[in-house]
Amino acid sequence: MGWNSWDCYGTTVTEDEVLANARFMAEHLLPYGWDTVVVDIDWSDPTARSHGYNTDAPLHLDAHGRLVPDPGRFPSSAGGAGFGPLADRIHALGLKFGIHTMRGIPRRAVARRTPILGTSVTADVVADDTNVCEWNPDMLGLDHTHPAAGAYYDSTLALYADWGVDFIKADDMLWPYQADDIAAYARAIERTGRPIALSLSPGRDLSLSRLDHLRRHATMFRICDDLWDRWEDVEANFARFARWAPHAGPESWPDGDMLPLGRIGLRAERGEPRDDRLTRPERISLLTLWVMARSPLMVGGDLPSSDPDTIALLANTDVLDVHARSTGNRELFREGPLVLWGAEGDDGVRWAAVFNLGDEPLDAVLDAGDLDFPPGGTVRELWSGEQVPLEPVTTQSDDARGVSPGSAALRVDLPPHGAALLRRDG
């Protein structure tokens with residue numbers, strides 16, 4: 001759970017903006033479990049801009065071909081300090097510090113033939129120009145048949161560990177699936193001796209056949225391409241989470257991408273400065289699905305300038321309790337606009353989510369058994385805090401059509417693209 005700079009600042013975030021979000025998180029969201037601050041892509045590029053990448057960007061490198069922060073945007077990195085001073089300031093707030101990285105080796109390191117630390121080999125020897133990122137121009141691939149390719153990753157991860165990095169979002173790993181790079185990167189993290197969480201991106205067209213490999217090497221992994229503030233992006237993840245959520249757990253966590261909520265697009269890759277375009281019901285559906293699927297939660301909006309309602313949604317302890325404590329999370333039902341999810345907790349607690357994917361309001365009468373709820377007990381909707389009655393059914397009737405005698409009816413009225421998150425205590 002944390003914040004990532006991508007949705008609001010794209011490639012251009014500065015040290016002051018990172019610290020402003022870190023301070024806001026520490027003051028307002030850390031008590032609820034939000035604890036990680038991540039600097040996304042191109043932190044070494046002094047010419048970074050919104051809406052795209054720069055070909056042949058003058059990336060800052062050290063003598064061993066490793067990317068280092070641009071001191072113009074990150075002044076504390078000057079003099080070879082790297083991200084160490086910024087990580088120290090974020091750690092002092094009680095938070096964790098993360099950075100984005102790209103698969104491969106910088107083209108500039110290859111052109112300069114920089115020596116790879118701990119070897120007699122230069123960058124050009126291990127570069128692979130047949131396996132290059134299709135959307136970012138900064139890097140070439142690595143030839144993992146050469147042992148110095150792994151040594152390059154070892155050297156970069158040793159540098160990040162020395163800076164005090166706690167979290168790495170490693171990009172261009174999953175589409176196409178780069179098994180050798182994933183394994184080499186995970187080994188390099190292990191060799192640092194520092195506990196660094198590894199997040200893999202992007203998850204376009206990711207197959208369940210990769211699950212065992214992902215569990216062996218990654219803390220979390222994306223199951224979709226970039227998610228933006230459009231209902232169609234959110235809706236597309238219902239099918240993906242239905243496939244992946246049953247496999248979520250401490251071995252590794254399927255990730256539906258960051259939450260494009262609040263003030264986004266300030267200098268981003270997509271769109272102009274704006275409050276996210278999702279309606280409030282769509283925001284609730286997004287958060288409900290991510291929580292029920294136990295996806296990692298990374299907010300993409302600029303926290304200090306986001307509206308108070310967004311911050312309040314992120315600080316709902318009852319909702320976040322589902323994310324932290326639920327098990328057995330799964331889709332129960334999907335037919336037309338109606339989607340049901342269920343999960344279990346301790347002491348007989350049951351959670352269920354009811355979604356309306358349709359464009360019209362939905363008045364649903366549900367059988368408690370379809371939500372895996374016993375007919376008795378109390379049910380509370382966690383976003384509103386309201387009690388929802390379970391109405392015993394003794395006779396079949398049009399008033400509770402589809403609910404069998406001996407069960408109970410639960411009535412839920414949902415706006416277009418809305419959701420209800422229900423808790424039944426044992």
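1. Of the protein's 426 residues, 57% count as buried, where buried means under 20% relative accessible area, exposed over 50%, and partly exposed in between (1.4 Å probe, protein chains only). This is a predicted model, in which local features need pLDDT of at least 70 and side-chain atom pairs count only at pLDDT 80 or more, while totals for chains, interfaces and linings use all residues. Residues are numbered from 1 along each chain as its sequence is written, and side-chain values use heavy atoms, with hydrogens and water left out.

2. Overall build. The protein has twelve helices and 22 strands; helices (H or I, at least four residues) and strands (E, at least two) are DSSP runs, numbered from the N terminus. Its radius of gyration is 23 Å, close to the 22 Å that the globule rule gives for 426 residues, so the protein is as compact as a globular protein of that length. That radius is taken over C-alpha atoms, and the rule is 2.2 Å times the number of residues to the power 0.38. The C-alpha trace spans about 80 × 40 × 35 Å along the principal axes.

3. Contacts. Among contacts between residues at least 6 apart in sequence, 70% join residues at least 24 apart. A contact means heavy atoms within 4.5 Å.

4. Largest pocket. Its volume is about 520 Å³. On a 1 Å grid over the protein atoms alone, a pocket is an open set of points with protein on both sides within 12 Å along at least five of seven lines; a cavity is a set where a 1.4 Å probe fits but cannot get out; lining residues have an atom within 4 Å of a point. Grid points are joined across faces, edges and corners, and a volume is the space filled by probe spheres set on the points. Of the 22 lining residues of the largest pocket, Met-1, Thr-219, Met-220, Trp-253 and Pro-296 are the closest to its centre. Helix H12 (residues 317–325) gives the most to this lining, with three residues.

5. Largest cavity. The whole structure holds three cavities of 30 Å³ or more, and the largest has a volume of about 210 Å³. It is lined by 19 residues, with Leu-67, Thr-101, Met-102, Met-139 and Tyr-160 nearest its centre. Strand S3 (96–102) and helix H6 (147–163) are the elements that give two or more residues to this lining; H6 supplies the largest share, four residues.

6. Second largest cavity. The volume here is about 100 Å³. Of its 13 lining residues, Lys-169, Ser-199, Met-220, Asp-255 and Met-298 are the closest to the centre. Strands S7 (167–171) and S9 (220–222) are the elements that give two or more residues.

7. Cis peptide bonds. One joins Trp-175 and Pro-176, with omega about -5 degrees; Pro-176 lies in the loop between S7 and helix H7 (179–192). Another joins Ser-201 and Pro-202, with omega about -25 degrees. Ser-201 lies in the loop between strand S8 (197–200) and helix H8 (211–217) and is buried at 1% relative accessibility. Leaving out residues up to four places away in sequence, Ser-201 touches Lys-169, Ala-170, Asp-171, Asp-172, Met-173, Leu-174 and Arg-222.

8. Positive phi. Asp-42, not a glycine, has a positive phi of about 70 degrees. Asp-42 lies in the loop between strand S2 (36–39) and helix H3 (84–92) and is buried, with a relative accessible area of 9%. His-51 has a positive phi near 65 degrees. The loop between S2 and H3 also holds His-51, which is partly exposed at 37%.
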